[in-house]
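Student: Could we go through a model together and check each label against its cut-off?
Tutor: Gladly; here it is.

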Amino acid sequence: MDETDQLRTRVRALIRSLPGAQREFAAAIGLDETKLSKALNGTRRFSPHELVRVAEYSGVTVNWLLNGSDDASTVTAVPAPAARPESDPAHHTQSESRRRILETAWELIAERGYHRVRISDIAKACGTSTAAIHYHFPSKTEVLNEALRRNVKLAFDRQVAELHAVPGAHDRLLKLVELQLPAAGLLRAEWSVWLQVWNEVALDPALRSLYTDSYDRWHQTIRMTIRTGQEQGVFRVADPEAATGQLTALIDGLGIQVLTGRPGSTVATMRAHLHDFIERSIVKGA
């Protein structure tokens, strides 16, 4: 059985394990049922976006879907256990109510800000009670912690889905940059959550361990891509660790400028600055 057959087998097993029929599963991941059927019988491939949605709805990782294990060696660094969302280890799933609460809380935090979101706001948006929220998240801090873990999972899933079929390190690094730009929609929301986590971590040392585990995965991903580029002979950078620190710092700084509306700072200018840095300092070597 090849990798695509294994992927289809895993998705079919997930559909059987979840409540509802295949049509409900298709609707939940935003995919036409006919397209889902074709993907399952091998007449079309799941797109990267569809893989991310399957993983998000089912409570698994794209790495598990593609490679059979959350910890399988892949094109991007694997999150540390402490930086992963809580789930049922036996079934890789979260309860439907917990998943819905977390998604809603994450969206509200991204849109309004952590300190402007109350537990009662999350309950109202979910159509449930505050007691139901506290059942899954004992404190508001835990809601923020899980929002950060969700950010990590979304980025990990997206990177594995988009990069697993990109063999060249140069193309892979440019794709990583593209996946990190604070474009409107999901990516901008992720950046919004990150900004608020940075603020809380600066004020509360108790949060730093989770943040460090979360950020380290991104740092490792850039570093391993640069080292792969060295091995392929397409990058001439002398010090991968230094180049990783410079590139990640540049991404963070430019992203903050875009989100805070600094005049002249746009997603397009951020992309141009990052491509220029990669060309001058990594491809040609500083």
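This is a predicted model: local features need pLDDT of at least 70, side-chain atom pairs count only at pLDDT 80 or more; totals for chains, interfaces and linings use all residues.

Student: Why is Asp157 called buried?
Tutor: Buried means under 20% relative accessible area, exposed means over 50%, and partly exposed is in between (1.4 Å probe, protein chains only). Asp157 has 0% relative accessibility, so Asp157 counts as buried.

Student: What is Asp157 in contact with, leaving aside its neighbours within four places in sequence?
Tutor: With contact taken as heavy atoms within 4.5 Å, the partners are Val52, Ala55, Val60, Thr61 and Val62. Asp157 itself lies in helix H9, residues 140-163; a helix here is a DSSP run of H or I with at least four residues, numbered from the N terminus.

Student: What makes Arg44 and Glu50 a salt bridge?
Tutor: The rule asks for a side-chain nitrogen of Lys or Arg within 4 Å of a carboxyl oxygen of Asp or Glu. In this pair the closest N and O atoms are 3.0 Å apart, and the salt bridge is formed. By this rule the count comes to 16 salt bridges.

Student: Why do Arg44 and Glu50 get their accessibility labels?
Tutor: Arg44 is at 22% relative accessibility and therefore counts as partly exposed, whereas Glu50, at 10%, counts as buried.

Student: How do you know that Arg98 and Glu146 form a salt bridge?
Tutor: Their closest N and O atoms are 3.7 Å apart, and the pair meets the rule. Arg98 is in helix H6 (residues 96-112) and Glu146 in helix H9, so this pair ties together parts 48 residues apart in sequence. Arg98 is buried at 9%, and Glu146 is buried at 0%.

Student: Which residues are linked with Glu103 in a network of salt bridges?
Tutor: Glu56, Arg99 and Arg150 are linked with Glu103 in that network. The side chains of Glu103 and Arg150 meet at 4.0 Å, N to O.

Student: Which helix gives the most to the lining of the largest pocket?
Tutor: H1 does, with four residues. A pocket is an open set of points on a 1 Å grid over the protein atoms alone, where a 1.4 Å probe fits, with protein on both sides within 12 Å along at least five of seven lines; lining residues have an atom within 4 Å of a point. The lining has 15 residues, with Thr4, Leu7, Arg45, Leu66 and His164 nearest the centre.

Notes. Residues are numbered from 1 along each chain as its sequence is written. Side-chain values use heavy atoms; hydrogens and water are left out. Helices (H or I, at least four residues) and strands (E, at least two) are DSSP runs, numbered from the N terminus.
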